[in-house]
Structures are given as C-alpha cells and as structure tokens.
Amino acid sequence: MNDIALKDVSVLRGTVLALTEISGIFSSGSLTAILGPNGAGKTTLLDTLAGRLQPATGVIAGLPSPPNTSYLQQVPQLDLRVPVTVLDFVAMGAWRMHGAFRDIERQALESALDALRTVGLLDLQLRTLDELSSGQLQRARFAQLIQQQSQLILLDEPFNAIDEETTAMLTSLIARWHADSRTIIVVLHDRELARALCPHALVLDRQVISWGPTEQSLAAHRWRHVA
Amino acid sequence: MTDLLAPFGEYLFLRRALVGSSVLAASMAPLGTLLILRRMSLVGDAMAHAVLPGAVAGFLLAGLSIWAMALGGFIAAISVALLATLVAQRTREQEDSSFAAIYLISLAIGVMGVAASGGRVDLAHLLFGSVLAVDDQGLLLAATVATSTWLALAWLYRPLVLATLQADFFDGTATATIVRVAFTVLVVMNLVAGFQILGTLMAVGLLILPAAAARQWATRLEPLILLAVLIGVASALIGLTMSIQTDLPSGPAIVLCAGSAYLISILAGRNRIRIRRS
C-alpha cells in the first residue's frame, strides 16, 4: 500500500466547514491516533478517508480502493431486530472476495471461525447479534474487520463504553495489525491509551494542531481541553 | 370437516381460487417478512395502490387481458417507486412522505381512468379483487410470479438480509443498487399478481399480515419466514372456505383470516401485550 498524502483538504459537513486545509501524510503501515475536542472533525476525516465524503477542495493521494478499506463507525449502524447470527455477520466480511450473491466459501467460513476464536466469541457463533452484550457486539464487529483483511483500517472511538477486558483484547488486536504493516487510523479520546498504543498522533481541531510522534504531538498545548 | 371442503371438489373455480391464493400467500410471506424488517410496510401499501392506474390503462388499451393489466400495473407501480425514491434523494423530503404523495397522485389518475372508461371498468373488482373469477391465465400469472420470487430470493437472500441488518453494508457498490432494485421489483410483481385475486386495496394483506403475525412467535429468520408462509396459506384456505359457507366476499375474508392470526399473535405471542396490574 502507498502512503496516504493529504494536501490542503477541506471538507464540508452539510453547509459547515468541518475541516480546513488539512495537509500531512499517513505513512504506509503507520498506526496513528486522532485526538481533539468534540466537533473537531475527527469523524469527518475518517468519513473522507473512507470515501463517504468528498473533499470540497484539496487532494488525497494514495487511498486504497474501497474494498481495501475497513471502517468501524462509532455507532454501529445495525438494526438488531434483524436476526442474523454472529457467524454469518462475521463471515460476510469477506463478501468482496467471494461475491455478495455467492455461497460463502469454505475458506471464508474457516477464516470467520478463526476470527471469532481470536476475539473469544467462538462459543457464541450461533447466537443472534441482539443476544450479545455491547462488549461482545464490539468484538463481533472487530471479528468482521479481521475477516475483511483490509490494508487500511479506520476506527472511530472503538473503545467507547466497552469493558476493560474487551478493550485489552481489541488493543492487542490493533497492535497485531500494526505488526502486520496495515495502515491504521484510530480516533481516541483517551490520551493515555493513545500514548500506549499509537506511535503517531494527529491532534485535530478543524485544522491540524499537531501531527507527529505521539509524545511531541500531545505535548503541543494549543488545543482546547479534551475530555 | 369434509363437508366444509366438499365445495372445492365440486367446483373448478373454487379450486382455482384456492390454488391462486395459496400460491400467492406462499410467495408474499417471505417478501413481507423482509419488508417489515426493512420498515417498509407502508411503502408496500403505497405501491399496491399505485398499481391501479396501470391496470386501468392496460384494460383500456387491450381489453380484459390479465397480462396487459398486469404489465400496466407493474409499470405504474415501478414508476411510482422510482419517482418517490428520486424525490426523496433530490429534495430533503423523507421517503415515506414522497411515497404517500406520489401514490395518491397515481391513485387519483387511476380513478379518473375508471370514470373516463364510461363504466367499462368495474372499480370494485380492481379494488377488492375477484378471487372466484380467477381463470387459467390468472393462475399462470400467480404461479409464474411465485416461482420467480422464490428463485430470486434464493439468489438475493444473503445480501438482502445483510443490507437489512446494516443499511450501508454494501454502500457505494453496485450490489447496494442491485439488492434494492431487485427487492422492489419482487414486491411490485407480487402486488400485481395479487390484484386480481385480492384487489389493489387488499393485496398488501397477504404481504404484511402473515409476516407481522409470525414475528410475534419466531426469533430466527428462517422459522419466521416458514411460519409466515404457513399462516398465509392457512388464511387463504380458511378464508375461502368461510366465504363459501357464508356467501361473503372472498378477498376480504382471506385478509380477515390473516388479520385474526395477527390479533391472536399480538395477544398470545412472545411479545404479547401485557396488561400491568397496578
């Protein structure tokens, strides 16, 4: 995968300018935390990198094609009244490989079971999603990300309201993706977690406040207080 | 029991009505289940009403040909669905209001068409159906639609369920459009096949009621669909039998049976209405 280079990228959210002239590089294989106050444009930046919003001005070079991007949105856009099993949910993460209308291949099914084993949900594979706790649901969503095997992984506050054990498991998973040279961008609000997990940090408040090695980036104190 | 069923052995038109309505029920139930899960019950209702002007146009152009009326109805309902979706996308209007607005226009055009035909079109038949007048062509239409529906669902099922679970799952890919369009086409096909048997006003009955009833009992999707099919087919059988014994119109009788199943289900099912003791 290439480096992702942003040059003077401005993005509108409705009629509001949510991001102003963002320039910088997410290197290939880097693990970057995005921090900043509410309304700083963190989610807008992920939406843009995921191709769901187009920059109003500026260019982004080096983005992988959508099939090679995984995006874990902050609020799961799931209608849990629809009874789908955990295994089906995770297995379909690989739909781009075997096609949406085809039967799920044996190989994809086996990798889905592996993914479930990794997040500790193997025993719950035949439960429906509405039968999971919020921590378990988050693990299932991560298992779907494992199944997608994307080169670029975008995570929006993945540890919000998640129990400690699950957080520990998912952070080690992110570390493993990092070791595997995937490019990972994760919005966090916990500075300690950012320090512990991410070599790089981008502090955002509608524009770039600081962007670089985490320690230096977080030391820049021009940004408003972050909860 | 045998006495109740005896008329079916005696009269060919009753057997036709029974086969036509059960085949339709079996085809509509799985679609209805997904329609409800997609929160589109009223959109289905709107599309059913939209069939009317097309069916009238088909009749005025080609006479009493079930195929011409079906084709007309299909084109009219698909156009309404397309227009309503387009309006919702281009303006800030919600889809439910754009559907309501455009199906009303379509319905009004249909009634105008009936009036302009100078009594050649029987509005009551179009609105309420004439299940006892189903002929071989009508049966063939229902059977063709039901067969294509089940085959298409086998192909569409997995992505359709996933897009229902997570609306943006296939976002930005052709799959998203294919799933959406194919599902709409299936619903409209079934409504069109249903209008002769149940009428444009009642066709939604076998789409929504059995599925809504089954949802009160089943938690998994496959049992839910099977139960909906059973309730739909049973409603067709019991409704027809009742209508013969009591000499009441059969379309509403079938819908009332499905409606009773629904009422019983919300009173006795898994999520039954509980009256709190205070």
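A residue is called buried here when its relative accessible area is under 20%. By that cut-off, 54% of the 278 residues of chain B are buried. The model is predicted.

**Fold of chain B**

Chain B contains eleven helices and zero strands, and its pattern along the sequence reads α-α-α-α-α-α-α-α-α-α-α. The C-alpha trace spans about 55 × 55 × 45 Å along its principal axes. A compact globule with 278 residues would have a radius of gyration near 19 Å, and chain B agrees because its value is 19 Å. Among the contacts in chain B between residues at least 6 apart in sequence, 76% join residues at least 24 apart.

**Surface and charge of chain B**

Chain B carries 16 positive and 13 negative side chains. The centres of these two sets of side chains lie 13 Å apart.

| Area | Value | Share on carbon and sulfur atoms |
|---|---|---|
| Buried between chain A and chain B | about 2,100 Å² | 59% |

The contact takes 26 residues from chain A and 24 residues from chain B. On the chain A side, the residues that lose the most area to chain B are R81(A), P83(A) and F101(A). Together, R81(A), P83(A) and F101(A) account for 32% of what the chain A side buries.

Technical notes. Residues are numbered from 1 along each chain as its sequence is written. Chains are lettered from A and ligands numbered from 1 in the order in which they are written. This is a predicted model: local features need pLDDT of at least 70, side-chain atom pairs count only at pLDDT 80 or more; totals for chains, interfaces and linings use all residues. Side-chain values use heavy atoms; hydrogens and water are left out. Helices (H or I, at least four residues) and strands (E, at least two) are DSSP runs, numbered from the N terminus. The radius of gyration is taken over C-alpha atoms; the globule rule is 2.2 Å times the number of residues to the power 0.38. Buried means under 20% relative accessible area, exposed over 50%, partly exposed in between (1.4 Å probe, protein chains only). Contact means heavy atoms within 4.5 Å. Lys and Arg count as positive and Asp and Glu as negative; His and the chain ends are not counted. The place of a charge is taken as NZ of Lys, CZ of Arg, CG of Asp or CD of Glu. Buried area is the accessible area (1.4 Å probe) that two parts lose on being put together, summed over both.
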